[in-house]
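Have a look at it first, and then read on.

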Amino acid sequence: MKILELFAGIGAVAHAVSERYEIAAAIDINENAKTVYRANFDHRYLTREIASLSDDELGEFGADLWWMSPPCQPFTRRGKQQGADDPRAQPMLRVFDAIENLQPKAIVLENVVGFESSPAWAAIREIFVRASYRYHRAQLCSTMFGLPNARPRFFVVASRDEEIELSPPPFVAPEPLVNFLDSSEQAKRWHGQVEVDSAFVCKYEDGINVVDQKSTLTRCFTSAYGKSHVQSGSYLKFQNSNGQNRFRRLSPTESLRLLGFSSCYQLPDGLSARQFWKLIGNSVSVPCVGHVLGCFAQTTRNR
Ligand SMILES: C[S@@+](CC[C@H](N)C(=O)[O-])C[C@H]1O[C@@H](n2cnc3c(N)ncnc32)[C@H](O)[C@@H]1O
């Protein structure tokens with residue numbers, strides 16, 4: 001099955017695919033995302049404004065499955081919730097048009113919880129009905145796969161040929177955060193970029209979430225994790241060699257692990273922790289992607 005990875009970012013979908021899938025192409029506007037993607041995968045990656053792609057250009061990839069994880073800001077509680085009227089929703093609406101015109105075999109759309117009450121959801125649902133797609137939706141979260149990080153997301157799977165059921169994943173007990181932390185050797189890479197002082201923690205006490213290495217849940221981190229002080233992710237409390245309490249952000253490599261990226265995934269040199277956090281905070285939980293793709297494989301096996 002050939003996949004077109006739209007809004008590809010750093011490639012959570014490419015990272016999750018098994019041998020039975022092939023990435024026909026990945027498309028995203030962000031050059032830093034391409035740099036990270038390129039360090040890991042060698043298939044075609046176009047840095048393009050998706051709203052400018054014609055039907056012909058999209059059709060030329062010959063993909064069976066279009067996976068789209070469009071910008072979530074138009075639909076988040078922190079954003080202004082302008083939904084489909086937000087200019088950032090325009091590339092997604094362009095893809096909706098192309099779906100109606102080209103009718104690829106299957107679609108997966110991933111977004112924040114809350115998307116399902118937006119006009120954009122109503123619009124794509126109407127297209128599914130007009131173009132005879134059968135669809136199923138589900139809420140999936142990294143925590144369902146044992147990862148100690150909350151990242152609830154809305155997924156819809158639509159197919160023209162066969163009905164793809166989004167079955168719930170089997171329960172997996174959450175692992176403690178310590179299993180996801182950098183070794184002291186790995187931590188050297190982020191030295192000076194992750195630490196926050198205790199005064200900061202006192203000042204923002206009410207607005208930040210502090211965890212320790214035994215914690216089995218951390219907050220969903222956003223693309224603003226390295227920039228915004230509050231509501232963008234958890235802070236780790238630890239003791240320094242003198243036994244004093246210290247606080248730091250979870251490093252980019254730790255954030256990646258919490259999203260389910262494996263140790264073979266590389267973060268290339270040349271980007272700062274803040275640039276990586278921006279990309280990783282926009283990415284998708286890898287086991288959630290794997291689970292959705294597994295539902296396609298399951299349907300094919302049962303035929
Ligand atoms: C929610 S993130 C999806 C990330 C991705 N799936 C991953 O695994 O990292 C949305 C992505 O859409 C990209 N994007 C936003 N507006 C775009 C546009 N107009 N054209 C192309 N890509 C765009 C962003 O650069 C970002 O990488």
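Predicted model: local features only at pLDDT ≥ 70, side-chain atom pairs only at ≥ 80, totals over all residues.

Residues are numbered from 1 along each chain as its sequence is written, and side-chain values use heavy atoms, with hydrogens and water left out.

Let's start with the domains. The protein splits into domain 1 (2-167 + 284-302) and domain 2 (177-278), with bounds that come from an automatic or database domain assignment. Their centres, taken over C-alpha atoms, sit 28 Å apart. Domain 1 brings 22 residues to the contact and domain 2 brings 29 residues, where contact means heavy atoms within 4.5 Å. About 1900 Å² is buried between the two, and carbon and sulfur atoms give 60% of that; buried area is the accessible area (1.4 Å probe) that two parts lose on being put together, summed over both. Between domain 1 and domain 2 there are zero salt bridges, a salt bridge being a side-chain nitrogen of Lys or Arg within 4 Å of a carboxyl oxygen of Asp or Glu. On the domain 1 side, α1 (12-16), α2 (31-38) and α10 (286-302) each supply at least two of the residues touching domain 2. Helices (H or I, at least four residues) and strands (E, at least two) are DSSP runs, numbered from the N terminus.

Next, helix α4. Its buried residues are P91, M92, R94, V95, F96, A98 and I99; buried means under 20% relative accessible area, exposed over 50%, and partly exposed in between (1.4 Å probe, protein chains only). Among the elements covering them are β1 (2-6), β5 (106-112) and α5 (119-130). Just after α4, Q103 takes a positive phi of about 50 degrees.

Now for the charged pairs. Side chains of opposite charge can pair when their charged atoms come close. The count comes to 11 salt bridges, including these:

| Pair | N to O distance |
|---|---|
| R130 and E126 | 3.9 Å |
| E163 and R134 | 3.6 Å |
| R248 and E254 | 2.8 Å |

R130 and E126 are four residues apart in helix α5, so about one helical turn separates them. E126 is partly exposed, at 48% relative accessibility, and E100, E126 and R130 are linked in a network of salt bridges. E163 is also paired, with R134; E163 is partly exposed at 35%, and R134 is partly exposed at 39%. Both R248 and E254, though, are buried.
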